[in-house]
Amino acid sequence: MVKLENGMASIIKVFHKYSGQNCTLRKADLKALINHEMNHFIKKIKDKKILNQLFTDLDQNGDLEIDFKEFVALIAMVTSACHDIFNQTHKH
Ligand SMILES: [Ca+2]
């Protein structure tokens, strides 16, 4: 596999590591995933309010679980934010 495909496979693998058999993330799963797998790109979640807000924002269909499609929106947001930062630092 080439680089980008490896990246995509990693996203799927990480999601399933935390989502378990039902293939959805609950609040604690989301917190663990972010704090263990994304802690260089976004701050660790310590505050319950921040977790609740993020969870509500991501849970587009309001079923109190984050499915893969909803999770990918988080990856897209964070990747896009990182791209902006990398772009700015490369310009200077
Ligand atoms: Ca949902």
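Reader: What share of the 92 residues of the chain counts as buried?

Author: This is a predicted model: local features need pLDDT of at least 70, side-chain atom pairs count only at pLDDT 80 or more, and totals for chains, interfaces and linings use all residues. Residues are numbered from 1 along each chain as its sequence is written, and side-chain values use heavy atoms, leaving out hydrogens and water. Buried means under 20% relative accessible area, exposed means over 50%, and partly exposed lies in between (1.4 Å probe, protein chains only). By that rule, the buried share of the 92 residues is 27%.

Reader: Thanks! In what order do the elements of the chain run from the N terminus on?

Author: Helices (H or I, at least four residues) and strands (E, at least two) are DSSP runs, numbered from the N terminus. The chain has 4 helices and 0 strands. The order is therefore α-α-α-α.

Reader: Is L25 buried or exposed?

Author: You will find L25 in the loop between helix 1 and helix 2 (27-37). Its contacts (heavy atoms within 4.5 Å), leaving aside neighbours within four places in sequence, include F15, Y18, F55, E65 and F71. Because its relative accessible area is 0%, L25 counts as buried.

Reader: Which residues is S19 in contact with, leaving aside its neighbours within four places in sequence?

Author: S19 belongs to helix 1 (residues 3-19). With a relative accessible area of 3%, S19 is buried. Beyond those sequence neighbours, S19 is in contact with T24 and L25.

Reader: How far apart are the C-alpha atoms of L25 and D67?

Author: Along the chain, L25 and D67 are 42 residues apart.

Reader: Which donor of the calcium ion does E65 provide?

Author: Donors are N, O and S atoms within 2.8 Å of the metal (3.2 Å for Na, K and Ca); water is not among the atoms, so sites may look incomplete. The protein donors lie 2.2 to 2.6 Å from the calcium ion, and D59, N61, D63 and E70 are among the residues that provide them. E65 is partly exposed, with a relative accessible area of 26%. Its donor atom is O.

Reader: What is the arrangement of the 6 donor atoms around the calcium ion called?

Author: Six donors count as octahedral if opposite donors are over 155 degrees apart and all others between 65 and 115. Four count as tetrahedral if all angles lie between 85 and 135 degrees, or as square planar under the rule for six; anything else is irregular. Here the angles are 52 to 155 degrees, so the arrangement is irregular.
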